[in-house]
Amino acid sequence: MHGEAEARRRLNPSQRKRLLMEHAIKVFSRRGIGRAGHTEIAQIAGVSVATVFNYFKTREALVEEVLEEVESFLIKLSTQALKKSREPEETLEACISTFLDACHQNPDYIKIWLEWSSSVREDTWPMYLAFQERLLELLTVQISFAINNDVLEPGLPASDRARWALGNLHMLVSMVFSPDGTDQDEIRSLVNRGFRHILGIKS
């Protein structure tokens, strides 16, 4: 314990802020965007409340930086997934699987995303809509590529398919955290059946 405290004292400002952000993600996941604050972060980080305020000057600044962190994480996750394969069909499936895997590997980020997406508050909603557009742009590019390479059936524009895909992905992710513990094989089965139909993947 003494060693951990000593290590914290040796952190430079950038490292300390990174550590506080990691604790903030945990607090926001558990307490919610509207209730999480500096005090809870200080408690689990083992520092004074003043220290947390030194890095996040106001609650508004804290909320904004936490949501920016979640956005950065999910955009990076999507970008990496969409580069996994050169085959358009496999690339789209990899993106869906990556988000489902993140529910188990990085659940705090996903839980904040789920709450953020349903929190229509004037202080956070415009930020969410801008983030959503970035995700849609990434998906639209890949879907357009798949249509042009004759992997997907003609019909709905790529941008419309991207919106349907993201909406259904959001629903599947929420199922992972269902209190009744939705079976993971069932979710994967829904992905295999549903997304092929939604995107228009050719048989």
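**Close-up 1. Helix 2 and helix 3 cross in a right-handed way.** A crossing is right-handed if the near helix is turned clockwise from the far one by less than a right angle, and left-handed if anticlockwise. This is a predicted model: local features need pLDDT of at least 70, side-chain atom pairs count only at pLDDT 80 or more, and totals for chains, interfaces and linings use all residues. Residues are numbered from 1 along each chain as its sequence is written, and side-chain values use heavy atoms, without hydrogens or water. The axes of helix 2 (residues 13–31) and helix 3 (residues 38–45) come within 9 Å and cross at roughly 120°. Helix 2 makes the contact (heavy atoms within 4.5 Å) through Leu20, His23, Ala24, Lys26, Val27 and Arg31. Helix 3 brings Glu40, Ile41, Ile44 and Ala45.

**Close-up 2. Helix 6 packs with helix 8.** The crossing is left-handed. Pro88, Thr91, Leu92 and Cys95 of helix 6 meet Leu139, Gln142, Ile143, Phe145 and Ala146 of helix 8.

**Close-up 3. Ser117 lies in helix 7 (residues 107–117).** Ser117 is buried, at 13% relative accessible area (buried means under 20%, with a 1.4 Å probe and protein chains only). Its side chain makes a polar contact with the side chain of His170 (2.6 Å). Such a contact is a pair of N or O atoms within 3.5 Å; within protein, one must be able to donate a hydrogen and the other to accept it, and residues adjacent in sequence count only if both atoms are side-chain atoms.

Notes: Axes fitted to C-alpha atoms, helices over the stretch in contact; angles between N-to-C directions. Helix = DSSP H or I, 4+ residues; strand = E, 2+ residues; numbered from the N terminus. Buried < 20%, exposed > 50% of the residue type's maximum accessible area, 1.4 Å probe, protein only.
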